[in-house]
Structure formats: structure tokens, C-alpha cells
Amino acid sequence: MTAGTLHAVTAADGPEALPRLNGELVFNAPWESRAFGVAIALHDAGAIDYEVFRARLIAEIAEKAQEQGTGEDGGAYYERWLDALQQVLIEQELVSEAELGERTADIAHAWDHDHDDHHHDRGGP
Amino acid sequence: MSHAHDDVAVRAAALEALLVEKGLISTDAIDAVVDLYENDVGPQNGARVVARAWVDDAYRERLRANGTAAIAELGYGGFEGDTMVVVENTPAVHNVIVCTLCSCYPWPVLGLPPSWYKSSAYRSRVVAEPRAVLSEFGLTLDPSVEIRVWDSTAEVRYLVVPMRPAGTESLSEAELAALVTRDSMVGTAVATAPGARSA
């Protein structure tokens, strides 16, 4: 890609390559589809407001872009999505940071153990 | 699968397990959402809208007047498609859509956005230098063509109606729909010429 004049927030870092995949899958990994499905199902169930979530997602994306100084290729999008979802749920006291941390440790342990025995696809629950 | 992805996969699984355990959502509900967006909702919907607009002038008028209502005529609507505005390409004007802040996208007609649409490169650069970005997609427009970039950051979601390719007079509506690619409805491509294989 040739350098161009950028008039955007990321201008200082030079032009970013466009990840141009055609015919790609909607989700890059099973967990992405779960994170997506959880947020939409929560909205459908009335547990969260998608607009509140979206505002948080926008903030997360902007914050990370500033922190890292470089733009993302879109591959980490659902990580931001998951971060935003966790924060909204914690703010609304639907889950606590402590129980989330505990459950994460439990699952990490279970999957590590599982992995020692045989090679499952660890993308699923 | 990399270790970094493993960590986030663990976080996603933990959150889902906790929410299901608390009864806030069910696994079935999550499965249904994922299945819907993986299998049923996608650019084939938008392609039908575009093909109808190509063959039916009255429909095209209704699309211009009220995109949401005209799209609903074909059975598409709902989440992320509550306020649809349809923008038409002409020999003088080429439209392209973006969401500069996140990745707002017209889900009912295009499904979920591709990675590049969510990338910060696309989000920032298509506004600043649309002609250069489009050429990187392999779309070189005549300098006389005006490029309009529509930012989907408000309630509005846009859908581009690409120009009908030449030599398609004898094609059926279904055959025409097959020429309408996802990218042509975002504006980073034009509709596929008949007989050509899409890239």
C-alpha cells in the first residue's frame, strides 16, 4: 500500500493496511459467535439495552485505539465487544467482577485439564 | 488457535455460563441468535431488494421514499434496520457506507459486517480518502464520479443500490440478484457483470 495523506485520528501512525477478505465467515472463532449471541439474547430478553451497550462498545474501541497507538484490523473487534458487554453487566450489577473472575479461572482450569488428556476444540463450552 | 484467543474464549465461556446459570438468558436463545445470523440473515436479502429495484420502477420509487418500508415489503427488517436509507449509484455518483465509531451496519439486509468493515483503517480512511481506499478494493472510479461517504453513526443504516450491469436485460430477477455482491451494497465494489465470476 502506498502512503497517503491521512486526516484521521490514526494519521500519526501512517496508513493502515486494509484487511480485505472476501467470502469470509461471519465469525472467526466459535467464541466470537457466542459473545455476539449472548449480547443480542440479553437485549432480546430485556436484560440490557443494546443502545447502552453500543455506547460502551464505541468507547472501548476508541480507548483501545488510543492505548495501542495503532488501529486494529477488525480481528479484535469481538474482544472489544466482550469487554464492553462485561462492563455493562457489571455496572448494572447483573454479574460481579468477583464471580466472573472465579468462573473464568474455573473454566480455564477445566480446559487446561481437558487439553492434557485429549485435544478438543477449545472454542466451545 | 492461539493462546491469546484461548484466553478470550475462556472469558466468553465464563460469561455465558454465569448468565445462563442466573437465568438471564438461555443457551437455546443464544443458539437461535447465532444460527439466525450465520444462516438466514445475510447479503442475499439485500441482493433481492436491489434486484427488485432494478426490475420494478415503482418499487425503486418506494425504496427512495421510505427505505425501511420498502425493504419490509420483502420481509426484511428489525434489529439494526429500524431506519433504512437507500442510496443509489448513478453514472455520476458512487455511494459508500461506513461507521466511523464502531461498526453499525444494516443487519437485516447485509447480515453481520466483514472484518475489514470493522477495521480502524477502513473506518478512518474511507472518509479521508475514499478514492484511494476504493482503488485498494480494486474499484477505480473515473475522476469525474462524485463519491459520497455515508457514516452510519446515527440511528440510520444505509444500503447502496449499485448500478445494474450492462447486458442484463434478459435476466430474471433471481439471476440479477446473483450479481449483487455484499461489497457492491456497501459501495466497495460494483455489481458483478453477467458471465463474470465474482472475485
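**View 1. Members of the largest nonpolar core.** Of the 77 residues in the largest nonpolar core, those that touch the most other members are Ala35(A), Val38(A), Ala39(A), Trp81(A), Leu85(A), Val50(B) and Val160(B). At least three residues of this core come from each of domain 1 (3-39) and domain 2 (42-186) of chain B. A nonpolar core is a set of buried Ala, Val, Leu, Ile, Met, Phe, Trp, Tyr and Cys residues joined through C-beta atoms within 7 Å. Buried means that 20 or more other C-beta atoms lie within 10 Å of a residue's own; with 12 or fewer the residue is exposed, and in between it is partly exposed, the C-beta atoms being placed from the backbone. In soluble globular proteins, nonpolar side chains tend to be buried together.

The model is predicted: local features need pLDDT of at least 70 and side-chain atom pairs count only at pLDDT 80 or more, while totals for chains, interfaces and linings use all residues. Residues are numbered from 1 along each chain as its sequence is written, and chains are lettered from A and ligands numbered from 1 in the order in which they are written.

**View 2. Contacts of Val50(B).** Apart from neighbours within four places in sequence, Val50(B) is in contact (C-beta atoms, placed from the backbone, within 7 Å) with Val161(B), Pro162(B), Val180(B) and Met185(B).

**View 3. Helix H8 of chain B.** Helices (H or I, at least four residues) and strands (E, at least two) are DSSP runs, numbered from the N terminus. Why is helix H8 (residues 120-128) of chain B largely enclosed by the rest of the structure? Seven of its nine residues are buried. The buried residues of H8(B) are Ser120(B), Ala121(B), Tyr122(B), Arg123(B), Ser124(B), Arg125(B) and Val126(B). Their cover includes helix H2 (50-68) of chain A. From chain B, the cover includes strand E2 (93-98), helix H7 (115-118), helix H9 (130-136) and strand E3 (146-151).

**View 4. The two domains of chain B.** Chain B is divided into domain 1 (3-39) and domain 2 (42-186), with bounds from an automatic or database domain assignment. Their C-alpha centres lie 31 Å apart. Chain B has eleven helices and four strands, and 45% of its 199 residues count as buried.

**View 5. Ala105(A) in helix H4 of chain A.** Ala105(A) is found in helix H4 (residues 97-117) of chain A. Ala105(A) counts as exposed because it has 12 C-beta neighbours inside 10 Å. The C-alpha atoms of Ala105(A) and Val52(A) are separated by 28 Å, and the two residues are 53 residues apart along the chain.

Terms used
Contact = placed C-beta atoms within 7 Å.
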